[in-house]
Amino acid sequence: MALQQTWNLESIFPGGSSSPQLKTFIETLEKDVQQLEQDVKALDIPQTIQDASSLEQFLGHFQSAYARIREVSAFVSCLTAQNVNDKKAVQWSGRVTSLSAILQAVKNQFDNILRGMNDELWAAWTASDQVSDLDFVLNESRNLAQEKMSPELESLALSLGVDGYHGWGKMYDTIVKNIQIPYEEEGKTTLLSAGQAFNKMHDPRREVRQAMFEKWEQAWGHSADYCADTLNHLSGYRLKLYENRGWDDVLKEPLAIGRMSQQTLDTMWAVIQDTKPVLVEYLNRKAKLLGLEGLSWTDVDAPLSTSAAKISYDDAAANIVEQFRKFSPRLADFSQMAFDKGWIEVEDRPGKRPGGFCTSFPASDQTRIFMTFGGTASNVSTLAHELGHAYHQHVMRGIPVLNQKYAMNVAETASTFAEMIVFDAMVKGAGSEDEKLALLEEKIQNSVAFFMNIHARFLFETRFYDRRKNGLLSSDEISEMMVEAQKEAYCDTLTSYHPHFWASKLHFYITGTPFYNFPYTFGYMFSTGLYVRALEEGPAFAEKYDALLRDTGVMSVENLAKKHLNVDLTERDFWQSAANSCVDDIKQFLQMTEHRV
C-alpha cells in the first residue's frame, strides 16, 4: 500500500482554518494569556524563599500557555504552507502572532522580577527542588533582562513589532504566492508555483535548469523592489531596537539565541576558509566532467548524469528507514511511525509554499514535516533532514517545555546528522561505480552548500546590516552585494551567480531568528564531527547521541560539546576533524574521476 503523500492535520484541529476546535482553542488561549498579563502585574520581587512560591505557580501557568501557543502557531504555519491562498489561515496567523507578542511581553515583565532578586536569594531559589530543573533557562532569562531596555519599553517594542517587524516578515508570503513562472514541456505551457519552479532548477537536463533559472531571476527581479522594501524595514527595525538596548553588534542577538560565542563562530569559519581550496578543486573537476569551462550557478547542484532515475516517495521512505536502523532502531522506528501516521506533506502540486520545514506540536506530542517531493536525490536528502528535526523533538518528550527550546544551530545538528547517515550508507552500499560516484557527489554538494552557499549568505547579511546603518539600499545595490558575497564565498570559481538570491530566499525574512544562515553551517560541521565520533565508537554512540539532543535546550554549545564529547569548540581540533571528513569525500571523488577527464 502506497504511503500517504499529504499530511494529516485533522488529528490536531479538524477542519483546517475553519475548524471550530481551532477557534475555541485560540479563544481560550487568549483568555489565559490575558490572565497571565494580570497575574504578572500582581507579582512582587520576592524577599524570601517563601515569597518565591508565587513565581513557581506563575511559571506553571506560563509554560502551559507557551506550549499551546507553539501548538497553534505550528498548526497555522502548516495551513499557510500547504495552501498559500488560505486567507483564513493568514488571519489566524496574525492573531497568533499578536498572542505571541503579548506572551513575550509578559515574559519580559517576569524576567524583570527575576532581575530584581538579590543574588543570594536567587542562588537558593534556583537550587530548590521546585525550580532546579529550569535553572539554566531562568539564569539565561535573568541575564538577558539585564541587557535589555526597561520592561515597559520592551513590551512597547513587541507590541509595535506585530504590525511592524513581524508584519514586514509576513510580506514574503504575500510576494511568493504571487510568483508564477511559465514552464513549457511537450508543447504545453503551465504556470508553476515558486516551489515547483525551484525543483526544476535541479533538473538533470542543463537546458531545463538554465531556462528555468532565467525565468526565476526575471520573476524575482519583477518583485525585487517589494523585497528590498521588506529587507530594509526588517533590518531597520532590528538596528533601531539594538541601538536602544545599547547593543552595537548585530550578531549579539543571534549568538545569544544560538548560545554560542563569537570565538566559536570565528574558529568554525576559519577552518572552513582553509578548506575551500579543496572544494574549488572539486568544482573545477565537476565542470570538466560536465564538459564545461566552468560551472554556472545552476550547475553547482546538478547531477553528473542526465539520466538519473527518479526515486519514488515510497522507495525513498523505505531506504531512509533502513539506513536509520543501522545507526539507531529508535530513530528508525520513529521515522516509520511518521510515515505511517501521515505526519509528512510531500505532494507536488500548485499552491504550496517553496522549501521544507519541520514543526513541533508540544501540546499534542507530535511533529509535522513539509516539503515538495520531486523524486530527486536532493529531495531524499531533504526528507532525511526534516526527519532528523522531528526525531530531535521526539527525544525531548517529557522535558519541561521551556527546556525544549533549543537553538537553531543545534537543531540543525540532528537534521544534518540524519542526512549523513543516509548518504554515507548509500555511498558504501552502491551497486556500481557510477552509482557510488553519483551518491558521493550528492554528499559533497552538502559541503559546498554549507561551506560556500551559507557562507555567502552570512557575508551578505553582515555587510547588508553594516551598510543599512547609513540608510536604505536599493534593490540593485542589494543584488550587487549578493553577487559580491557569492564570488567571495565560492572563491570566484563560478561563471555566473544569482543576483536575486536575497529576494527569493525565505531565510532572510524570518523574524523569529535573525541571521538565519550560519546555524546551518554550525549544525553541519557539528553533526559531521559527531558522525566521525559515531564511526569511532560504534553502536554505543546512539544512546550518547540521544542524551546530547536532550541537553540541547539547557546549555551553551560549548558546554554541550564539553559534556558529551569532551571537546573545546573554541579550538580548531573538533572543527578540523569535521572538515577532514568532508575533504576525504572530495579526495575520493577526485581519485574516482581522474581517468574520466
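Modeller: Glu-480 is exposed, with a relative accessible area of 56%, where exposed means over 50% relative accessible area, buried means under 20%, and partly exposed lies in between (1.4 Å probe, protein chains only). This is a predicted model, in which local features need pLDDT of at least 70 and side-chain atom pairs count only at pLDDT 80 or more, while totals for chains, interfaces and linings use all residues. Residues are numbered from 1 along each chain as its sequence is written, and side-chain values use heavy atoms, with hydrogens and water left out.

Glu-480 lies in helix H18; helices (H or I, at least four residues) and strands (E, at least two) are DSSP runs, numbered from the N terminus. Together with Asp-225, Asp-229 and Asp-476, Glu-480 forms a negative surface patch, to which helix H10 (224–245) and helix H18 (475–489) each supply at least two residues. Patches are made of residues with over 30% relative accessible area and no salt bridge, like charges being joined within 9 Å and nonpolar side chains (Val, Leu, Ile, Met, Phe, Trp, Tyr) within 5 Å. Asp and Glu count as negative and Lys and Arg as positive, with His and the chain ends not counted, and the place of a charge is taken as NZ of Lys, CZ of Arg, CG of Asp or CD of Glu. A salt bridge is a side-chain nitrogen of Lys or Arg within 4 Å of a carboxyl oxygen of Asp or Glu.

Beyond H18 comes Cys-491, placed in the loop between H18 and helix H19 (501–504). Cys-491 counts as partly exposed because its relative accessibility is 34%, and its C-alpha atom is separated by 8.6 Å from that of Met-452, 39 residues apart along the chain. The loop between H19 and helix H20 (518–537) holds Phe-515, whose phi is near 55°, a positive value in a residue other than glycine. Most residues other than glycine have a negative phi. Phe-515 is buried, with a relative accessible area of 1%.

Arg-259 is also not a glycine and has a positive phi of about 50°. Arg-259 sits in the loop between helix H11 (252–257) and helix H12 (262–289), and with a relative accessible area of 11% it is buried.

A nonpolar counterpart to the charged patch is formed on the surface by Leu-153, Leu-156 and Leu-160, with about 290 Å² of accessible area together, such areas coming from the Shrake-Rupley method with a 1.4 Å probe, where for residues only the protein chains shown count as cover. Leu-160 is found in helix H6 (residues 151–163) and counts as exposed at 55% relative accessibility.

Turning to the strands, E1 (residues 181–185) and E2 (residues 188–192) run antiparallel and are joined by five bridges; two strands pair if DSSP finds at least two bridges between them. E1 and E2 form a hairpin with two residues between them, and Glu-186 in the turn has a positive phi of about 55°. Glu-185 stands opposite Lys-188 in E2, and Glu-184 stands opposite Thr-189 in E2.

Elsewhere, three strands form an open sheet in the order E3-E5-E4, with mixed pairing. Strand E3 (344–345) and strand E4 (357–361) stand at the edges, each with a single partner strand, so one side of each is left without a neighbour in the sheet. E3 pairs with strand E5 (residues 366–370) in the parallel sense over two bridges, and Ile-344 stands opposite Ile-369 in E5.
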